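Hi,

Here is the structure I promised to pass on. My notes follow below it.

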Amino acid sequence: MVNAFQEQLLKAGLVSKDKVNKSNKSKYKQAKQQPKNRNAEADKLKKQLQQDTLTKAERDRKLNRQKVEEKNKKAIVAQIRQLVEMNRISGDEGDTAFNFEVDSKIERIYVTDDVHKKIVSGRLAIVRLDDKYELVPKIVADKIMQRDIHFVVLCNTAETASEDDDEYADYKVPDDLMW
């Protein structure tokens, strides 16, 4: 039972027989307890592996959610683009300047007089698409606002003032008056 190194130490007189026996007993005890420690280590590794798996699954779910949100945003932008391109009104070849505010800046488009009146009355709206301003009917602007309100730059509400409430109904405004 004694290994060769222990025998050499015993012959040389460097260790006693009792110390060799104690050493062998402690090694035996350690070997006997080691399987218990191995199970504990294995359990610890299993728990760590499960935690890593849960963390990875949560991160994957978060990434998938972000991808779905990005796809939805792209789909909404595509729907808005299609609505604008199908329903745009070409009225920007006119000589009348129409000023409107966008992000605390004054922007200007040139439209015809008829289109200018329609914008002011609320029958037409101004929509921004690819850093360009397009004119669309109010109904289309409402559909765009349902999807994303940030695309609609100007959408006046149609005011239906009754003739009875108008204080200045008796006074006619000249047709050639321009502001």
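This is a predicted model: local features need pLDDT of at least 70, side-chain atom pairs count only at pLDDT 80 or more; totals for chains, interfaces and linings use all residues.

Residues are numbered from 1 along each chain as its sequence is written, and side-chain values use heavy atoms, with hydrogens and water left out.

Strand 3 (residues 124–129) pairs with strand 4 (residues 132–137) in the antiparallel sense, over six bridges. Helices (H or I, at least four residues) and strands (E, at least two) are DSSP runs, numbered from the N terminus. Pairing requires at least two DSSP bridges between two strands. The two strands form a hairpin with two residues between them. In the turn, D130 has a positive phi of about 55°. Across the pair, I126 stands opposite L135. R128 stands opposite Y133.

Three strands make an open sheet in the order 4-3-5, with antiparallel pairing. Strand 4 and strand 5 (152–154) are the edges, each pairing on one side only. Neighbouring strands are turned by 40° against each other on average, direction ignored.

**The helices.** Helix 3 (residues 113–121) lies across strands 3, 4 and 5, at about 95° to strand 3. Helix 4 (residues 138–147) also lies across strands 3, 4 and 5, at about 115° to strand 4. Contact means heavy atoms within 4.5 Å. Axes are lines fitted to C-alpha atoms, for helices over the stretch in contact, with angles from 0 to 180 degrees between N-to-C directions.

Best wishes
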